[in-house]
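Subject: Structure handover and findings

Dear colleague,

I am handing over the structure below, and after it you will find what came out of going through it. Please read the notes with the coordinates open beside them.

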Amino acid sequence: MIVTNEISLRTQGDTDIIDITARVQKIVTDSTINNGIATVFVAHSTVGITTIEFEPGLVADLQKVWEKLVPKNIPYDHDTRWGDGNGYAHVRASLMGASLTVPFTDRKLTLGTWQQIILVDFDNRPRSRTVIVQVMGE
Ligand code: ZN
């Protein structure tokens, strides 16, 4: 069986990092599928999905690393072409990736104790975002 659901949320942009673990787990729990995989996907070009130990120190560390890896204040061809000033956000999102697949057993995600699913919104302004969660299994 396959169940597809969505999570809607507001972000602040500017590498805003949001823990969506509980909402993904609720979709798995409510799916009536006992064992399988949950795919978490964002259809947005300035958002990434990954996992982290969600605590304020690491959240700040990840934000700082992105600024070093893909700085905001260097020229991007995308900004020259489109003028929306978020070339860095698109590049960061491409590097992080737009999806994550997590196995679950007995309707529980097999995440580690210190491992949460996060959405990272790199865009340069607050946005409304939709996360697609597709649950497959039996
Ligand atoms: Zn853009």
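I begin with Asp123, which, apart from its neighbours within four places in sequence, is in contact (heavy atoms within 4.5 Å) with Gly13, Asp14, Thr15, Thr46, Asn86, Tyr88, Ala89 and Arg129. This residue is found in the loop between E7 and strand E8 (127-137), where helices (H or I, at least four residues) and strands (E, at least two) are DSSP runs numbered from the N terminus. Asp123 has a relative accessible area of 1% and is therefore buried; buried means under 20% relative accessible area, exposed over 50%, and partly exposed in between, with a 1.4 Å probe and protein chains only. The side chains of Asp123 and Asn86 are joined by a polar contact of 2.9 Å, a polar contact being a pair of N or O atoms within 3.5 Å, of which, within protein, one must be able to donate a hydrogen and the other to accept it, while residues adjacent in sequence count only if both atoms are side-chain atoms.

Before going further, please note that this is a predicted model, in which local features need pLDDT of at least 70 and side-chain atom pairs count only at pLDDT 80 or more, whereas totals for chains, interfaces and linings use all residues. Residues are numbered from 1 along each chain as its sequence is written, and side-chain values use heavy atoms, with hydrogens and water left out.

As to the overall fold, the protein has 4 helices and 8 strands, which follow one another along the sequence in the pattern β-β-α-β-β-α-α-α-β-β-β-β. The radius of gyration, taken over C-alpha atoms, is 16 Å, which agrees with the value near 14 Å that a compact globule of 138 residues would have; the globule rule used is 2.2 Å times the number of residues to the power 0.38. Along the principal axes, the C-alpha atoms fill a box of roughly 50 × 30 × 20 Å. Of the 138 residues, 39% count as buried, and among the contacts with a separation of 6 or more, 82% are between residues 24 or more positions apart.

Helix H4 (residues 87-96) has as its buried residues Gly87, Tyr88, Ala89, Arg92, Ala93 and Met96, and their cover includes strand E4 (47-52), helix H2 (56-69), helix H3 (77-82) and strand E7 (116-121). After H4 comes Gly97, with a positive phi near 100 degrees.

Within H4, Arg92 deserves a separate look: its relative accessibility is 1%, so Arg92 counts as buried. Its side chain makes a polar contact of 2.9 Å with the side chain of Thr15, and it also reaches the backbone oxygen of Val70 at 2.7 Å. Not counting residues up to four places away in sequence, Arg92 touches Thr15, Trp66, Glu67, Val70, Pro71, Lys72 and Phe122.

In strand E4 lies Thr50, which counts as partly exposed because its relative accessibility is 24%. Beyond four places in sequence, Thr50 is in contact with Met96, Leu100, Gln116, Ile117 and Ile118.

Leaving aside neighbours within four places in sequence, its contacts are Ser31, Thr32, Ile33, Val135, Met136 and Gly137.

Two backbone angles may also be of interest to you. Most residues other than glycine have a negative phi. Asp14, although not a glycine, has a positive phi of about 60 degrees; it lies in the loop between E1 and strand E2 (16-19) and is partly exposed, with a relative accessible area of 42%. Asp106, likewise not a glycine, has a positive phi of about 50 degrees; its place is in the loop between strand E5 (99-105) and strand E6 (108-109), and its relative accessible area of 64% makes it exposed.
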